[in-house]
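User: Please take a close look at one strand and its pairing partners. Then set that part against the rest of the chain.

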Amino acid sequence: MALIFFPKQSIAQSIDASSTTLTLSIPAGSLHDAISQIEEQFGVKLTVDPALLQGKVTFGLSGDFEIQSALNQLLENSGLQAIQQAEGYIIAVQPAASGAESVVTLPSIQVTADSASRYAVVSTNTATKTNTLLRDVPQAISVITNELIKDQSIRSLSDAVRYVPGVGVSQGEGNRDALVFRGNRSTGDFFIDGIRDDAEFFRDLYNIERIEVLKGANGMIFGRGGSGGVVNRVSKQASWDPVREFTFQGGSFNQKRMTADVGYVINDVAAVRLNALYEDAGSFRDGVSMERLGISPTVTIKPTHRTKIVAGMERFHDDRTADRGIPSFLGRPINVHESQFFGDPKRSNANIDVLSFNSFIEHKFDSGVTLQNRTNYTTYDKFYQNIFANSQAFSGLVSLGAYNNVTSRDNVFNQTNLLYSLNTGPIAHTLMAGIEVGRQETHNQRRNGFFNNDESQVNLRVPLSNPVTNAPVGFLTRDTDAHNRSIVNVTSLYVQDQIELLPQLQLIAGVRYDMFEVNFRQRNADRAHLKTRDDLIAPRFGVIYKPIEPISFYASYSQAYVPRAGDQLTSLNVTVDTLKPEKFTTLETGIKWDIRPDLALTGAVYQLDRTNVITADPNDPTRTFLAKGQRTEGIEISLNGQLTSDWSVMGGYAYQTGEFTSEIPGVAKKGTTVGELPRHTFSAWNRYDITPKVGAAVGVIYRGEMFASADNTVRIPDFTRVDAALFAQFTKRFRGQLNIENLFDANYFASVHNNNNISPGSPIAIRATLIANF
């Protein structure tokens, strides 16, 4: 009788696996694959006769389970049972109805499990829309876990990605999240639970369980966008694991923050959860402050073990100073004190109100098919205004400009997926097919500023010795300013097959069709009215080879398109040509090695080509240019997890080069280096638990020299920043931590937007946090 011995996991400490509870999300499908995931996530070794599993499927798992209850549910209706013996578990045939013994006794095995890793995860639902081991996904993925968010006291996406190789932080004109994925800046490739969340604002993480950063073109999974990479936030949901956690934080520059995370189990069918936030903070920058608050309730209902319904909403408000940083002088950031504001902080502000409703429904049929439906409706109302440096310094003077912008947007997206696993002879398939429909309606108006009641005075020159102005500023919408209404309708169809040809060889193939319609109307100037339709095909193909179970080598090809929509249409001189979508093509190969279940090493080599590129004028962000092409190439290495039972790590290294493959008239020559792309970046965060109640951490971030923009005239110097933290468990219910940013008070520049908007990095900053659990 042939047996399957699932690979034994290296462990730091043997414990009774039956007492370990894990949150599991295993889709319906092959019983063999499901048991493999149980082995992977609990860190156990299992032995089973392969004939018993041949052709059998499971309804899957979702929730919190001990190993015995997880195995029992997986084996439901399979005719098999999990039996615990003196030293382990066996899977065998259930006794016959007559009561006669039919259990074949196999040699007992030792069941062991290790403590959950703080910084490593085993699987993801985001990259393939099926629950897939990370090492079986043919692309580079970085996951920022909830434990890492807490340990680093992360409050923003910019903070979250600083230890992610291949991803940089852009300034976003001081009013929005902006990241640089493999040399491609984006303000729209943001998703929450796999649904587009592309309005321009600063997101908070108070209601987020983890953050997934997927690098490369992701059009097959995410549709439009997904260009150089995407960030998907996985939200906290109500579950049957009660939680009552409150945090209180205070720190440098008058920072005050409070959060609450409260979950309650109503009964076996329903559970609720509430996350809430309030923060009020100043800044090391003169006159800069922010205030934000949010509330996010969710309810989860399980009318049967095969059906799950999750409903939630969020109300979020963010009000802050719009800080555009400092200008440049002679090709470098100007030498002023890090706190110096340029413009007027009192009349530079950004505020947004977000109201979101969402639902998720999942049902597992007797046939093994899983049906999922996710709906999201979100409305965004944003206003921002800034008076800022819009030129390089010259002869002791700098020019200021001003404008404001109001944007309202309504997003509606509905996504339906069907999942099914089957075998065709010796070949196993995990099939996924879906449809997504969405509508976005955006109203936008920009008003340019003029100084001293003179409509012709759109710039004001001020001395570097006093670059803050009190001059009167008026605002009006000119014919050249955006005053638009756009409606975007998208209908998408997609299908994917994850194929296991052999235990060592897997393929993934998928394709997505997007029908993308834009109805754009200009409300000023010549009142242009344009309608376009794009029929886009985004393929994805990958091959995974595993010479042994913990190691996979992969190669992949993927494409994505970015049609002009939403925020892009607020800054373009819109014509039929500019409405043509950008195209992104990624070739990537790499290795993933699960050194242990709680320690993962990954490496990737990639080439990313971008065509029909829109590039902002380095000195006038209101002007944009079309470039034919851009290419980025790079190498990424990352390590996440537990080096020892007490030592947790996250970090990596990236080497990247990028250039324009065609001339941009008036801006850059062919071969010019892509802006905001340092050649070398390195990061490493280490936490060591000295005792069960006391721990410490240190982090190092290095970013190499880079150009501020496409014209390569302004260089941003390299820097090394050191962070640190201390952790203490005071009592069973109370713990505290102290986070120190920029421990050695290095002078550096954190991000840029163009040659004239460069953000100084914070000097040493300390935050103390008290966490209470009841």
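Analyst: Buried means under 20% relative accessible area, exposed means over 50%, and partly exposed lies in between, with a 1.4 Å probe and protein chains only. Strands are DSSP runs of E with at least two residues, helices are runs of H or I with at least four, and both are numbered from the N terminus. This is a predicted model, in which local features need pLDDT of at least 70, side-chain atom pairs count only at pLDDT 80 or more, and totals for chains, interfaces and linings use all residues. Residues are numbered from 1 along each chain as its sequence is written, and side-chain values use heavy atoms, leaving out hydrogens and water.

Start with strand E27, residues 370-389. E27 is mostly covered: 15 of its 20 residues are buried. Two strands pair if DSSP finds at least two bridges between them. E27 pairs with strand E26 (residues 349-364) in the antiparallel sense, over 16 bridges. E26 and E27 make a hairpin, with five residues between them. Gly 368 sits in that turn and has a positive phi of about 95°.

Now the other partner. Strand E28 (residues 397-424) runs antiparallel to E27, and 20 bridges join them. Here Gln 385 has Asn 404 in E28 as its bridge partner.

The wider setting comes next. The protein has six helices and 48 strands. Of its 774 residues, 58% count as buried. A contact means heavy atoms within 4.5 Å. Among contacts between residues at least 6 apart in sequence, 67% join residues at least 24 apart.

Elsewhere, five strands form an open sheet with mixed pairing, in the order E11-E17-E18-E15-E16. Strands E11 (141-144) and E16 (195-196) stand at the edges with a single partner strand each, so one side of each has no neighbour in the sheet. E11 pairs antiparallel with strand E17 (residues 208-215) over four bridges. Within that pair, Ile 144 stands opposite Ile 211 in E17.

Asp 689 lies in strand E40 (residues 680-691). Asp 689 counts as buried because its relative accessibility is 18%. Its side chain makes a polar contact of 2.9 Å with the side chain of Arg 687. A polar contact is a pair of N or O atoms within 3.5 Å; within protein, one must be able to donate a hydrogen and the other to accept it, and residues adjacent in sequence count only if both atoms are side-chain atoms. Leaving aside residues up to four places away in sequence, Asp 689 touches Asp 646, Val 694 and Gly 695.
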